[in-house]
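Biologist: Could you take one part of this model and go through it closely, with the cut-offs behind each term, before placing it in the chain as a whole?

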Amino acid sequence: MADVVRKFFTASMLMWIAPILILYGFNNNLFPGASQLSSHSLTILSGLLAVISVNIVIAFYIYMAMKEPSNKHEPDPTFLAEAKASIKQQHSSSETEDPSQAREKHE
């Protein structure tokens, strides 16, 4: 569980840091050629690259999540038992209801 939280925290921090660094770099002419761009082009380019950087981080996070083994995570038995009981209770209460009452509820 700690590994999952660490990956989530890292991805979340990168989603904040990467665009801010890109915007800061363009606004302070830290990237070569940025000083030759008009302010309109600079704003569009820096914003576009910031958005792309966030999408890259999200794609990397999804890739890392899909790479994890699926058998590694086992559901909590207590939660499963409560969920099954809840489903059975809903199913049994809907069977005992009059069909006209159920139709009125859906309308």
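Modeller: Lysine 7 and aspartate 3 are separated by about one helical turn, because they stand four residues apart in helix 1; helices here are DSSP runs of H or I with at least four residues, strands are runs of E with at least two, and both are numbered from the N terminus. This is a predicted model, in which local features need pLDDT of at least 70 and side-chain atom pairs count only at pLDDT 80 or more, while totals for chains, interfaces and linings use all residues. Residues are numbered from 1 along each chain as its sequence is written, and side-chain values use heavy atoms, with hydrogens and water left out.

The side chains of lysine 7 and aspartate 3 meet in a salt bridge at 3.7 Å, N to O, the term meaning a side-chain nitrogen of Lys or Arg within 4 Å of a carboxyl oxygen of Asp or Glu. Aspartate 3 also forms a salt bridge with arginine 6, at 2.5 Å from N to O, and these two residues lie three apart in helix 1, again about one turn. Aspartate 3 is partly exposed, with a relative accessible area of 26%; buried means under 20%, exposed over 50%, and partly exposed in between, with a 1.4 Å probe and protein chains only.

Further along, helix 1, which covers residues 2-27, holds leucine 14, a partly exposed residue at 39% relative accessible area. Leaving aside residues up to four places away in sequence, leucine 14 touches Pro19 and Val57, where a contact means heavy atoms within 4.5 Å. The C-alpha atoms of leucine 14 and isoleucine 56 are separated by 10.0 Å, although the two residues are 42 apart along the chain. Methionine 13, also in helix 1, is partly exposed at 33%, and together with Phe9, Trp16, Ile17, Ile20 and Leu21 it forms a nonpolar surface patch with about 660 Å² of accessible area. Patches are made of residues with over 30% relative accessible area and no salt bridge, joining like charges within 9 Å and nonpolar side chains (Val, Leu, Ile, Met, Phe, Trp, Tyr) within 5 Å; the areas come from the Shrake-Rupley method with a 1.4 Å probe, and for residues only the protein chains shown count as cover.

The UniProt record, an unreviewed entry, places the feature "transmembrane region" at residues 7-24 and 44-63; its positions follow the numbering used here, feature names are shortened, and annotations may be inferred rather than shown by experiment. In the model, residues 7-24 are 100% helix and 0% strand, with the end C-alpha atoms 25 Å apart, while residues 44-63 are likewise 100% helix and 0% strand, with a separation of 28 Å between the end C-alpha atoms.

For the chain as a whole, the secondary structure comes to four helices and zero strands. Of its 107 residues, 14% count as buried, and among contacts between residues at least 6 apart in sequence, 62% join residues at least 24 apart. The accessible surface comes to about 8,900 Å², of which 66% belongs to carbon and sulfur atoms.
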